[in-house]
Amino acid sequence: MNPSDETLMAYADGELDAATRKQVEASMAADPQVARRLAAHQALRSQLHASFDKVLEEPVPPHLIALVRSAAKGSEVGQVLQFPRKQAQRRAWLQWSSLAASFVLGALLWQLASRMYPTAPITESKGALVASGALARALNSRLASQQTASDPVQIGVSFRSRQGAYCRTFQLRDTAATAGLACHGDDDWIVQVAARADASATAHSQYRQAASSLPPVVLEAVQEAIAGEPLDAGAEAQARAAGWRAGH
Amino acid sequence: MPPLSEALSVELVELLPRLRRFARALAGNMSDADDLVQIAIERALSRAEQLHDGAPLAGWMFGILRNAWIDEVRGRARRNRVFVPEELGAQVPDPSSGQALLLPVQQALQRLPDEQREVIGLVLIEGLSYREAAQIIDVPIGTVTSRLARGREALQAMLGDVEQERA
């Protein structure tokens, strides 16, 4: 008996019942040609696995993990974004939930960012996105008045949030114009929102941002969080000297 | 967005590597594939009420991802093959993107018709049964087997294994 090609494929895919499997094995034993045909199917399976299983070894982009975690009950992402909202719904469209969404969705760029920097500028830690590498160094040490246009990380405004935390806006120059807002937590700079400032490479219309220096979603986040006026150069230097701790 | 139970969110995070693998098989390159995974997660979260702990998450997610690919990403991936985005042109190609270094079998898979590529991805790469693949694509099992047969034949022909096929 010469099994059909479909039967041989089903054999290779483990889809045959025991009786048919035995028939196939008998015809393989009787005819080496059948065994060779089966080997070709199995070789294709192995080739596909050998090339695509590499994906399983790659680190999963943090924004995908953050997106899943953001929907889990008691998510820390949600907690991080709980700024007090003393003023009534100044901008009704900007619910914190939607900011939480844009915070993770705007993170489309992490995979790109992590290719450009030896250390990714933003990493995931316990469900929150935390500045690291060159971005963390710039947020910690750079005074806005002392930076040059060639610095890969540009610091924008610094201010106190209504919660009392120090916050700073930033732009990553060599990663497709990423801009965002980070606020100092206990130890780290927690990235509150980040978005690409260009429209060309984004997947969905709601992520498209006007070509202003800061994307609107970042500006809105600043206006929502800021208490009083941005820090002047003197206050910025004092805050840096205090390690950006909220105490004073 | 209805909250996801802790158990389901852990399960979904654990499934991400496989979703990325299936998406890579469909979309061909890392950036479209990860966009696709993101869209699939968003869609899944928006209907998380359909799921309860212990429900078969993998098949459900593969189906959502496959439909997202049909609806949103397929056309874009095709365009990207013709037009390289300007911003990418200015950057050094990154080997880890896999785009520049697609293995012959990956290139061959990208040249298959979509309907063959998705069954190859589900059955040969993800190891689903014919019945599971048929449910996800919403076709009879016979359609899955015939698409698999044609896809395999085309792949083997492209990869130069035709002589082994002659009975």
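Predicted model: local features only at pLDDT ≥ 70, side-chain atom pairs only at ≥ 80, totals over all residues.
Local features are reported only at pLDDT of at least 70 and side-chain atom pairs only at pLDDT 80 or more, while totals for chains, interfaces and linings use all residues. Residues are numbered from 1 along each chain as its sequence is written, and chains are lettered from A and ligands numbered from 1 in the order in which they are written.

Chain A holds 11 helices and six strands. Helices (H or I, at least four residues) and strands (E, at least two) are DSSP runs, numbered from the N terminus. Chain B has nine helices and zero strands. Its pattern along the sequence is α-α-α-α-α-α-α-α-α. Of the 248 residues in chain A, 43% are buried. In chain B the share is 41% of 167 residues. A residue counts as buried if 20 or more other C-beta atoms lie within 10 Å of its own, as exposed if 12 or fewer do, and as partly exposed in between; C-beta atoms are placed from the backbone.

Contacts were then sorted by sequence separation. Two residues are in contact if their C-beta atoms, placed from the backbone, lie within 7 Å. Among contacts in chain A between residues at least 6 apart, 52% join residues at least 24 apart. In chain B, residues 24 or more positions apart account for 69% of the contacts with a separation of 6 or more.

Helix H1 of chain A is mostly covered, with six of its eight residues buried. These are A:Thr7, A:Leu8, A:Met9, A:Ala10, A:Tyr11 and A:Ala12. Their cover includes H2 and helix H3 (32-52) of chain A, together with H8 of chain B. Just after H1(A), A:Gly14 takes a positive phi of about 70°.

Two packed helices are described by the angle between their axes and the distance between the axes. Here, axes are lines fitted to C-alpha atoms, for helices over the stretch in contact, and angles run from 0 to 180 degrees between N-to-C directions. Angles under 35 degrees count as roughly parallel, over 145 as roughly antiparallel, 65 to 115 as roughly perpendicular and the rest as oblique. The axes of H1 (residues 5-12) and H2 (residues 18-30) of chain A come within 11 Å and cross at roughly 110°. H1(A) and H2(A) are therefore roughly perpendicular. A:Thr7, A:Leu8 and A:Tyr11 in H1(A) meet A:Thr20, A:Arg21 and A:Val24 in H2(A). This crossing is left-handed: the near helix is turned anticlockwise from the far one by less than a right angle, whereas clockwise gives a right-handed crossing.

The axes of H1 (residues 6-27) and H6 (residues 114-125) of chain B come within 9 Å and cross at roughly 150°. That makes H1(B) roughly antiparallel to H6(B). The crossing of H1(B) and H6(B) is right-handed. B:Arg21, B:Phe22, B:Ala25 and B:Leu26 in H1(B) meet B:Arg117, B:Glu118, B:Gly121 and B:Ile125 in H6(B).

The largest nonpolar core has 98 residues. Such a core is a set of buried Ala, Val, Leu, Ile, Met, Phe, Trp, Tyr and Cys residues joined through C-beta atoms within 7 Å. A:Ala182, B:Leu36, B:Val37, B:Ala40, B:Leu65 and B:Ala133 touch the most other members. Domain 1 (1-84 + 94-100) and domain 2 (103-167) of chain B both give residues to this core, so it lies between them. The domain bounds come from an automatic or database domain assignment.

A:Ala182 lies in strand S5 (residues 178-184) of chain A. A:Ala182 is buried, with 26 other C-beta atoms within 10 Å. Beyond four places in sequence, its contacts include A:Ala131, A:Leu139, A:Cys167, A:Phe170 and A:Val191. A:Leu135 is 47 residues from A:Ala182 in sequence and 10.0 Å away in space, C-alpha to C-alpha. B:Ala133, with residues up to four places away not counted, touches B:Val119, B:Leu122, B:Val123, B:Leu128 and B:Val144.

Most residues other than glycine have a negative phi. A:Trp244 has a positive phi, near 60°. A:Trp244 sits in the segment after helix H11 (233-241) of chain A, and is partly exposed, with 18 other C-beta atoms within 10 Å. B:Asp138 also has a positive phi, near 65°. B:Asp138 is in the loop between helix H7 (130-137) and helix H8 (141-158) of chain B. B:Asp138 is exposed, with 10 other C-beta atoms within 10 Å.
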